[in-house]
Amino acid sequence: MSLAEKPSRKRPRSSYWLTRFVFLRLLGLVYFFAFLVAANQAIPLIGENGLTPAKAYLGRIGGSFSSDWEAFLALPTLFWWTLSDTSILMVAWTGVALSFLLLIGFANSILMAILWFLYMSIVHIGQVWYGYGWEIQLLETGFLAIFLCPLLDGRPFPRRPPPSPVIWLLRWLTFRIMLGAGLIKIRGDSCWRDLTCLVYHYETQPIPNPLSRYFHSMPLWFHKTGVLYNHLVELVAPFFVFGPRTARTIAGCLMVLFQLTLILSGNLSFLNWLTICPYIACFDDRTLRRVFPRYLVYRATLANRKSSVSKPQRVIVWLLVLLIGWLSIAPVMNLASPTQVMNTSFNQWELVNTYGAFGTVGRIRYEIILEGTNDPNPSDNSEWKTYEFKAKPGDPMRQSPVVSPYHYRVDWQIWFAAMSTPSRHPWLIHLMWKLLQNDESAVGLIAHNPFPDKPPKAIRAELYQYEFAPLDQPDGAIWNRKRVGTWFPQFTLDNGQIKKFVESFSSR
């Protein structure tokens, strides 16, 4: 056999057709729920008569700019030009429809750009309701997805291959998400260092699910092992996402398993599903073909043989790499800082951000319980009836629901409010005021209105401490609770001070 006839021992270059396929379908699922949440909840939260009206919010911001275009460049959202309940719903339902197309297999750069811009428009008027880290994480992930697709061809296996530099940018996003989360824990709370945080986390997390109580009941060694695994995944595995194929695959598997565990143990909105998206970039086609149906593997193989990267696409992708590199300077400096902050954007387009979660873990769970009474002369001796919310703990006998990847935004915000004071959460006073009138949009935010026919005469907010009941508790209760005090005192509709506050708050 001549030298020319000897088979080459050079390893084949990695391809990412199946990688892109999985990434886009999962991102479509996340976008779908994100827009669905907006379609169902945006009007009572930020609509014209919402708890924190977006029109008043933009009015305050816009006063410092000479034009809508100047305001747009400072806070990009299409709602500078059209803001009403109708326009909000149109954007949200358009997002639902387009993300469904993405979910079932259609994706090109134009579609991805529209989804990214529509969701950014909502986030930028969302105020406190959209202040979570996963909102900017979805925007950064969605922005990178624009460049993973061809401009027009929306087929699952188009002519153009996934650009490898974008795959590497997704790994860079994975690195920052995980390392940021790990460092903020080590720096933020001693229980992450002494391995005891999970002793409290399952009970005190924002919205537990049915399995949270069982995780909480596990022995100390189980919780300490869980924290060690957390540190392995967040502080060690990220460095291997840039490594050789085998190391990268193992790191990806460890991180995916970690997020699946979090999905099983609590309701963290679509955060965990979204975080898995960039992990997919750790797996190439040689890995994924082992678990994919033969038909999809054949389609990916066939597409790879016929594919080529166009010169314009190559230029655009490398310009993207330079942009992300430049914008990464501030997030990297933040990661290295002993005063690290989490879930922060360094530019108005939310392109490269810093992330983190549970830098501190609560040791005690507090819950705000809203109560109303029909007594015209309300007192502590009156009959007070409880408002039940859709996801947060209330009735001790009620099992926590499975919510993720959906997100009940009011329930989450009440979790924060229970650890704070009314002055820092005025929206809750506004909600109570609306419930005094059986306001339709406000009632739609809760699961059970104890006054369906006639609104109550008075309302109040009581503060309770909640603990998981033992699994063998005879009465079958999920929670044990005790009253701590009053979070906000009772008031009625004829309370002039509250009325004046609500009017000024909802319009400022």
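Predicted model: local features only at pLDDT ≥ 70, side-chain atom pairs only at ≥ 80, totals over all residues.
Reader: Fine. At what angle do helix 1 and helix 4 pack?

Author: Helix 1 and helix 4 (residues 85-104) pack at about 165°, with their axes 8 Å apart; axes here are lines fitted to C-alpha atoms, for helices over the stretch in contact, and angles run from 0 to 180 degrees between N-to-C directions. Helices (H or I, at least four residues) and strands (E, at least two) are DSSP runs, numbered from the N terminus.

Reader: And which orientation class does that give helix 1 and helix 4?

Author: The two, helix 1 and helix 4, are therefore roughly antiparallel, given that angles under 35 degrees count as roughly parallel, over 145 as roughly antiparallel, 65 to 115 as roughly perpendicular and the rest as oblique. The crossing of helix 1 and helix 4 is left-handed, a term for the near helix being turned anticlockwise from the far one by less than a right angle, with clockwise being right-handed.

Reader: What classes of residue make up the contact of helix 1 with helix 4?

Author: The contact of helix 1 with helix 4 has 22 nonpolar, 4 polar and 2 charged residues, where Ala, Val, Leu, Ile, Met, Phe, Trp, Tyr, Cys and Pro count as nonpolar, Asp, Glu, Lys and Arg as charged, and the others, Gly among them, as polar.

Reader: How does helix 1 sit against helix 15?

Author: Helix 1 (residues 17-46) and helix 15 (residues 294-306) pack at about 120°, with their axes 9 Å apart, and they are therefore oblique to each other. Trp17, Leu18 and Phe21 of helix 1 make the contact with Leu296, Val297, Ala300, Ala303 and Asn304 of helix 15, contact meaning heavy atoms within 4.5 Å. By class, that contact of helix 1 with helix 15 has 7 nonpolar, 1 polar and no charged residues.

Reader: What about helix 5 and helix 6, what angle there?

Author: Helix 5 (residues 109-123) packs against helix 6 (residues 133-146) at about 160°, with the axes 8 Å apart, which makes helix 5 roughly antiparallel to helix 6. Their crossing, that of helix 5 and helix 6, is left-handed. Residues that meet there include Tyr119 in helix 5 and Glu135 in helix 6.

Reader: Switching to side chains: is Arg409 buried or exposed?

Author: Arg409, which lies in helix 18 (residues 409-418), counts as buried at 0% relative accessibility; buried means under 20% relative accessible area, exposed over 50% and partly exposed in between (1.4 Å probe, protein chains only).

Reader: So what does the side chain of Arg409 pair with?

Author: A polar contact of 2.8 Å joins the side chains of Arg409 and Glu135, a polar contact being a pair of N or O atoms within 3.5 Å; within protein, one must be able to donate a hydrogen and the other to accept it, and residues adjacent in sequence count only if both atoms are side-chain atoms. The backbone oxygen of Trp129 also lies 2.7 Å from a polar atom of the side chain of Arg409.

Reader: Which side chain makes a polar contact with that of Tyr279?

Author: The side chain of Gln259 makes that polar contact with the side chain of Tyr279, at 3.0 Å. Tyr279 lies in helix 13 (residues 271-279) and counts as buried at 0% relative accessibility.

Reader: Then what is phi at Asn343 and at Glu350?

Author: Asn343 has a positive phi of about 55° although it is not a glycine, and phi of Glu350 is near 55°, again a positive value in a residue other than glycine. Asn343 is partly exposed, with a relative accessible area of 28%, whereas Glu350 is buried, with a relative accessible area of 9%.

Definitions and conventions:
Residues numbered from 1 in each chain as written. Heavy atoms only, no water.
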